[in-house]
Amino acid sequence: MRKSWGTLLVSVLLLLLAGGAFAQEDAGGGFLYGDVTIVPLTGNIFRCSGNITSTTGEYYQHACFNLHLFDVNGKTVDTFMFCLDRFEGNSTRSFQIDFTNVLKNYSYKIEFLTAN
């Protein structure tokens, strides 16, 4: 009996971890973002990287996004724009952006800005 409870517990934990790894948030305009990490490089320079997925079948020559940084009160403290070239419909692309930030505690959101 113990072995089956242990197996069940391990299975549930693996499902929870997999769900967290594949969790994506809405960027608007038919795009989702996920697997985002923000790491300090040096001093107040940070690197944000992750994936953006197009949920539409449209091809974009350029798709631009804003990375919004919020303080602990939810106030926007900075916004950085980045663009991805040649974005195929129903595909996922990696992105990376370096930025300057002086806050130690912050949250972020990625928002679809425009495409052509």
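**Fold, nonpolar core and aromatic pairs of the predicted model**

Read along the sequence, the protein follows the pattern α-β-β-β-β-β-β-β, that is, 1 helix and 7 strands, where helices (H or I, at least four residues) and strands (E, at least two) are DSSP runs numbered from the N terminus. The structure is a predicted model, in which local features need pLDDT of at least 70 and side-chain atom pairs count only at pLDDT 80 or more, while totals for chains, interfaces and linings use all residues. Residues are numbered from 1 along each chain as its sequence is written, and side-chain values use heavy atoms, with hydrogens and water left out.

Of the 116 residues in the protein, 29% are buried, a term that stands for under 20% relative accessible area, with exposed meaning over 50% and partly exposed the range in between (1.4 Å probe, protein chains only). The protein exposes about 7,500 Å², of which carbon and sulfur atoms supply 57%, the areas coming from the Shrake-Rupley method with a 1.4 Å probe. Among contacts (heavy atoms within 4.5 Å) with a separation of 6 or more, 61% are between residues 24 or more positions apart.

In soluble globular proteins, nonpolar side chains tend to be buried together. A nonpolar core is taken here as a set of buried Ala, Val, Leu, Ile, Met, Phe, Trp, Tyr and Cys residues joined through side-chain atoms within 4.5 Å. The largest such core has 21 residues, and those with the most contacts inside it are Phe31, Ile52, Phe65, Leu67, Phe82, Phe95 and Ile110. Strand 2, strand 3, strand 4 (60-70), strand 5, strand 6 and strand 7 each supply at least two residues of this core, and strand 4 gives the most, with 5 residues. When its neighbours within four places in sequence are left aside, Ile110 is in contact with residues including Val36, Ile52, Phe65, Leu67, Phe82 and Phe95.

A search of the whole structure finds 12 aromatic pairs, for which rings of Phe, Tyr and Trp (its six-membered ring) must have centres within 6.5 Å, planes under 30 degrees apart counting as stacked, over 60 as edge-to-face and the rest as tilted. The rings of Phe31 and Phe87 have centres 5.4 Å apart and planes at 80°, so this pair is edge-to-face. The pair links distant parts of the chain, with Phe31 in strand 2 (residues 31-42) and Phe87 in strand 5 (residues 76-87), 56 residues apart, and both residues are buried. An edge-to-face arrangement is likewise assigned to Phe46 and Tyr106, because their centres lie 6.1 Å apart with the planes at 80°. Phe46 is buried, with a relative accessible area of 10%, whereas Tyr106 is partly exposed at 23%. One aromatic cluster is formed by Phe31, Tyr60, Phe65, Phe82, Phe87, Phe95 and Phe112. Arg93 lies over the face of Phe87, at 5.9 Å from the ring centre, the criterion being NZ of Lys or CZ of Arg within 6 Å of the ring centre and within 35 degrees of the ring normal.

A disulfide (a pair of cysteine sulfur atoms within 2.5 Å) joins Cys64 to Cys83, with an S to S distance of 2.1 Å. The torsion about the S-S bond of Cys64 and Cys83 is about 100°, so the disulfide is right-handed. Cys64 lies in strand 4 and Cys83 in strand 5, 19 residues apart. Cys64 is buried, with a relative accessible area of 10%, whereas Cys83 is partly exposed at 36%.
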